[in-house]
Amino acid sequence: MKLLLIALAAIAFNAEAQPAAVPSCTAGPYKLKLPKSYKALRGIGTLRRERVQNAGDGMEERELRFNGLEIVVLAQAGKSDYVVQKAIVTTANWRIAGPLRVGTAARIALKGLKPGAPPADGELEFSGGQDSIRVSVARGRVLDFEYTCSGS
């Protein structure tokens, strides 16, 4: 009986020793892996649409649409650096979010976020300090996902 209690305590300790990943656009295993410059970002695939809107204070909101990927960034006019505001992934060919990929089994893709048993169908949302990830699941697989980023 003592041995069983020790084994259960060790399992509980190991589960606590590996905390859930904090959803973040810029850090951790689920961070977005995108090029550093805006010019390189535009070249990650066939650009279907680019829309630029004035966001005030010399900043521009730039929306890029590729096949299966939409990214909204905030950038200073004429500068090459940018900050991601939102990213929506709807096809499997985009591998920009670590283990999170469209078509992957949800229990595997979300393992680091510790959702418990993900539903076979539905939506899950994981919130970090300032960023969040919304994941749609269908038949136990990731259907699409959306990052909402604070920009800091």
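In what order do the elements of the chain run from the N terminus on? They run α-α-β-β-β-β-α-β-β-β. The secondary structure comes to three helices and seven strands; helices (H or I, at least four residues) and strands (E, at least two) are DSSP runs, numbered from the N terminus.

This is a predicted model, in which local features need pLDDT of at least 70 and side-chain atom pairs count only at pLDDT 80 or more, while totals for chains, interfaces and linings use all residues. Residues are numbered from 1 along each chain as its sequence is written, and side-chain values use heavy atoms, with hydrogens and water left out.

**Stop 1: the whole chain**

Colour the chain by pLDDT, the predictor's confidence in each residue, from 0 to 100. The mean pLDDT is 86, and 86% of the residues reach 70 or more. Now select residues 1-17, where the pLDDT is below 50. Beyond near neighbours in sequence, this stretch has zero contacts in the model; contact means heavy atoms within 4.5 Å. Where pLDDT is low, the predicted coordinates should not be read in detail.

Show the surface of the chain next. Its accessible area is about 9,100 Å², and 53% of that belongs to carbon and sulfur atoms; the area comes from the Shrake-Rupley method with a 1.4 Å probe, and for residues only the protein chains shown count as cover. Of the 152 residues, 34% count as buried. Buried means under 20% relative accessible area, exposed over 50%, and partly exposed in between (1.4 Å probe, protein chains only).

**Stop 2: the core**

Select L32, L100, V135, F145 and Y147. Of the 35 residues in the largest nonpolar core, these five touch the most other members. Such a core is a set of buried Ala, Val, Leu, Ile, Met, Phe, Trp, Tyr and Cys residues joined through side-chain atoms within 4.5 Å. Several elements each supply at least two residues of this core, including α2 (38-42), β4 (82-89), α3 (106-109) and β5 (122-127). Zoom in on L32: leaving aside neighbours within four places in sequence, L32 is in contact with residues that include V84, I96 and Y147.

**Stop 3: strand β3**

Select E70, which lies in strand β3. Is E70 buried or exposed? E70 counts as buried, because its relative accessibility is 18%. The E70 side chain makes a polar contact with the side chain of R65 at 3.3 Å. A polar contact is a pair of N or O atoms within 3.5 Å; within protein, one must be able to donate a hydrogen and the other to accept it, and residues adjacent in sequence count only if both atoms are side-chain atoms.

Move to Q76, also in β3 (residues 69-76). Q76 counts as partly exposed, at 40% relative accessibility. Not counting residues up to four places away in sequence, Q76 touches G58, M59 and R62.

**Stop 4: two loops**

Select D57, in the loop between β1 (47-56) and β2 (59-66). Its phi is near 55°, a positive value in a residue other than glycine. D57 is exposed, with a relative accessible area of 81%.

Finish at R139, in the loop between β6 (132-138) and β7 (141-148). R139 is not a glycine, yet has a positive phi of about 55°. R139 is exposed, with a relative accessible area of 78%.
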